[in-house]
Amino acid sequence: MIERKEYLDKLLGHKDKRLIKVITGVRRCGKSTLLELFQDRLRADGVGDDRIISINFEAYENEYLLDLDTLHAYVLDHAAKEKKTYVFLDEIQKVVGFQKVVDSLYLRTNLDIYITGSNSDLLSGELASLLTGRYVEIGMLPLSFAEFVSVNGGMTELQNKYRLYLESSSFPAAIEFDNNRKLILDYLDGLYNSIVTNDIVKRKRITDTMMLRSVLCFALDNVGGHLSTKSISDYMNSNGRKIDVKTVEKYIDALVESFLLYRVHRYNIKGKQQLKTLEKYYTVDIGMRYAILGNERADVGHILENVVYLELIRRGYKVSVGKWDEFEVDFIAVNPNERLYIQVAASVRDPKTLERELRSLQKINDHYPKYILTLDDDPDSDYNGIRRTNALQWLVR
């Protein structure tokens with residue numbers, strides 16, 4: 001079992017706090033394993049099994065608990081009477097109307113509640129309204145490059161490990177296939193179909209799954225590029241696939257809500273406002289992108305940009321694409337303690353490329369840290385406060 005330390009530390013930090021811990025993320029990214037790791041830590045700290053209630057709603061034997069009244073009664077009946085009980089409700093979105101049960105259980109001060117879900121609208125609507133200020137969301141991703149390296153021989157030959165990371169997938173289960181390409185592709189194909197069936201088609205009542213896949217393919221083929229629902233619609237229509245802008249918007253929203261895609265808005269640095277058009281999209285896993293599109297359609301720089309984006313949100317940053325007049329900065333990364341500006345490029349050994357990447361950062365006249373991340377295996381350099389560094393070394397820090 002891979003210890004997902006950053007996520008485990010977050011759960012431990014919120015343990016026994018009067019907050020519902022909501023763990024969200026794409027299917028098979030490790031949410032259930034994280035709950036198991038946390039429960040093992042509880043037991044190691046002296047918490048008995050009589051104080052742990054764990055229900056996975058994808059398990060057939062728990063199907064009877066999909067009924068609200070039955071679930072509510074089960075938890076209360078099995079809770080310890082005078083001690084803190086830890087309640088784990090895995091893939092809670094399968095329980096229709098679960099918000100009412102969670103809200104009621106929250107009122108019991110002897111219960112510490114943890115729930116997981118594979119769809120971002122878990123936190124929309126009724127649950128958000130009922131529990132405003134009473135929950136904390138922990139967004140979970142598949143393995144980081146550093147985690148992948150840690151279970152694949154350590155910190156040597158990072159370039160080779162990076163290639164394996166992209167092609168073998170960052171989903172934890174893919175490690176079990178020992179880099180067998182066919183098994184990995186079969187696994188990713190099955191995972192994609194599971195996400196489409198369980199988290200998109202049923203929830204959004206989408207019937208044209210081939211068109212949904214076409215929209216996803218277009219977004220995957222353009223990771224790191226500016227997209228609009230109109231540009232996607234125009235492309236499909238020009239290729240004889242009739243689809244209107246509203247339907248494209250519905251499909252893109254469904255892919256984002258299922259965590260297959262991540263939407264990144266643009267931010268006008270000079271005007272200090274978020275822009276409403278031409279967002280960028282990144283995928284949750286490059287391996288799945290390769291499985292769907294094939295390796296030959298990969299842009300090395302945009303793939304690296306995708307990996308860097310996911311790492312930034314893993315590290316707790318809110319990320320935007322920066323715009324300053326006609327210039328663009330790949331990422332503005334902000335957390336409560338700092339602000340970073342980051343350019344990503346496969347290589348800047350060509351002086352013209354280096355000049356282009358520097359120019360966007362040089363336009364920004366504040367004093368926050370500025371970086372250029374590349375795959376060049378060269379010593380770090382500093383250009384009047386703009387630091388160029390190897391992206392793979394940055395990813396494993």
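Predicted model: local features only at pLDDT ≥ 70, side-chain atom pairs only at ≥ 80, totals over all residues.

Visitor: Over the face of which ring does Arg 18 lie?

Guide: A charge is taken to sit over a ring if NZ of Lys or CZ of Arg is within 6 Å of the ring centre and within 35 degrees of the ring normal. Here Arg 18 lies over the face of Tyr 106, at 4.2 Å from the ring centre. Another case is Arg 315, placed over the face of Trp 394 at 4.3 Å from the ring centre.

Visitor: How many aromatic pairs does the structure hold?

Guide: Rings of Phe, Tyr and Trp (its six-membered ring) pair if their centres lie within 6.5 Å; planes under 30 degrees apart count as stacked, over 60 as edge-to-face and the rest as tilted. The structure holds 13 aromatic pairs. One of them is the tilted pair of Phe 38 and Tyr 114, at 5.0 Å centre to centre with 45° between the planes. Phe 38 belongs to helix H2 (residues 31-44) and Tyr 114 to strand S4 (residues 111-117), so this pair links distant parts of the chain, 76 residues apart. Helices (H or I, at least four residues) and strands (E, at least two) are DSSP runs, numbered from the N terminus.

Visitor: With which other ring does Tyr 114 form a stacked pair?

Guide: Tyr 114 stacks with Phe 88, at 4.9 Å centre to centre and 20° between the planes. Phe 88 lies in strand S3 (residues 85-90) and Tyr 114 in S4, so the pair ties together parts that are 26 residues apart in sequence. Both Phe 88 and Tyr 114 are buried, and Phe 38 is buried as well. Buried means under 20% relative accessible area, exposed over 50%, and partly exposed in between (1.4 Å probe, protein chains only). Elsewhere, one aromatic cluster is formed by Phe 259, Tyr 262, Tyr 282, Tyr 309 and Phe 331.

Visitor: In what order do the strands of the five-stranded sheet stand?

Guide: Strands of a sheet pair through backbone hydrogen bonds, either parallel or antiparallel. Two strands pair if DSSP finds at least two bridges between them. The open sheet of five strands has the order S2-S3-S4-S1-S5, with parallel pairing. Its edge strands, S2 (52-56) and S5 (135-139), each pair on one side only. Strand S1 (residues 20-24) runs parallel to S5 and is joined to S5 by five bridges; in S5, Gly 139 is the bridge partner of Thr 24.

Visitor: Which strands stand at the edges of the nine-stranded sheet?

Guide: That open sheet has mixed pairing and the order S6-S8-S7-S9-S10-S11-S12-S14-S13. Strands S6 (226-227) and S13 (381-383) stand at the edges, each with a single partner strand, so one side of each is left without a neighbour in the sheet. S6 pairs with strand S8 (residues 273-283) in the antiparallel sense over two bridges, and Glu 279 in S8 is the bridge partner of Leu 227.

Visitor: How many salt bridges does a search of the whole structure find?

Guide: Side chains of opposite charge can pair when their charged atoms come close. The criterion is a side-chain nitrogen of Lys or Arg within 4 Å of a carboxyl oxygen of Asp or Glu. The search finds 27 salt bridges. Among them, Glu 3 and Arg 41 meet at 3.9 Å, N to O. Glu 3 lies in the segment before helix H1 (5-14) and Arg 41 in H2, so the pair ties together parts that are 38 residues apart in sequence. Glu 3 is partly exposed, with a relative accessible area of 47%, and Arg 41 is partly exposed at 31%.

Visitor: Are Lys 31 and Glu 91 buried or exposed?

Guide: Both are buried. Lys 31 forms a salt bridge with Glu 91, the closest N and O atoms being 3.7 Å apart. Lys 31 lies in H2 and Glu 91 in the loop between S3 and helix H4 (98-106), so the pair ties together parts that are 60 residues apart in sequence.

Terms used: Residues numbered from 1 in each chain as written. Heavy atoms only, no water.
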